[in-house]
Amino acid sequence: VFASAVLGDTATAAAWIEPILGDTTPVNNVSYRDDIIRGSYDPNDKTGTPKGYGINSIIDRSDKIEYLIRFQNTGKDTAFQVILKDQLDDKLNLTTFEMVSASSPNFSFTIEDRLLEVKFLNILLPPQRLDEFGSQGYFKFRIKPNENALLGSKIHNEAEIYFDYNSPIVTQKVTHQIAKNIISVDVKPFEKASEYM
């Protein structure tokens, strides 16, 4: 990581195998990985998998995106309730929404006007200084892009995390770009995969 990097920046690593010429499946010779630079003081975040190809996180329109919202009570006292609010992008198909798992059985969720709201009531989340592991929680769900979403369009997603009656902590934005038949694309080292859509 460069000294000039700051929290929230994206660090991209690329690796490839040569020669590509003559390879029957050249797309599996190239791998990209993007990671958000985070600090230990801000463990409240959101991630989406698959990460996708290249710096634009390109996914196939048929892929399900699995989102993970993580939260941790870094305050000084027990958090009695945690509420997550996630405005789902209009390029996501709500009929494919699938709740995967949650860190506590004391939760409920609703989706109204594309707003996903997850309530952990009576969660009794201890502060990090007293219980590192017990102070953490999460909610995980899957959803697919709309079948008619335009190729090249981007899906943006972020969440707000409310501890009791405090102002929300807003996660970083997770972005995916929609493509079609990306498995068959001939992606060459350091070329932008978006050029092949």
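This is a short tour of a predicted model, from the whole chain down to one residue.

**Whole chain.** Select everything and color by secondary structure. The chain has 14 strands and zero helices. Now switch to a surface. The chain exposes about 11,400 Å². Carbon and sulfur atoms supply 52% of that area. Of the 197 residues, 38% count as buried.

**Contacts.** Draw the contacts between residues at least 6 apart in sequence. Of these, 69% join residues at least 24 apart.

**Confidence.** The chain mean is 83, and 77% of the residues reach 70 or more. Next, select residues 184-197. Here pLDDT stays under 50. The model still has 30 contacts beyond four places in sequence for this stretch. Where pLDDT is low, the predicted coordinates should not be read in detail.

**Strand 6.** Select residues 79-87, which form strand 6. Zoom in on Ala-79, which lies in this strand. Is Ala-79 buried or exposed? Its relative accessible area is 3%, so Ala-79 counts as buried, the cut-off being under 20%.

**Around Ala-79.** Which residues does Ala-79 touch, leaving out those up to four places away in sequence? Show these side chains:

- Asn-73
- Ile-123, Leu-124 and Leu-125
- Phe-163 and Asp-164

Methods:
Residues are numbered from 1 along each chain as its sequence is written. This is a predicted model: local features need pLDDT of at least 70, side-chain atom pairs count only at pLDDT 80 or more; totals for chains, interfaces and linings use all residues. Side-chain values use heavy atoms; hydrogens and water are left out. Helices (H or I, at least four residues) and strands (E, at least two) are DSSP runs, numbered from the N terminus. Buried means under 20% relative accessible area, exposed over 50%, partly exposed in between (1.4 Å probe, protein chains only). Contact means heavy atoms within 4.5 Å. Accessible areas come from the Shrake-Rupley method with a 1.4 Å probe; for residues, only the protein chains shown count as cover. pLDDT is the predictor's confidence in each residue, from 0 to 100.
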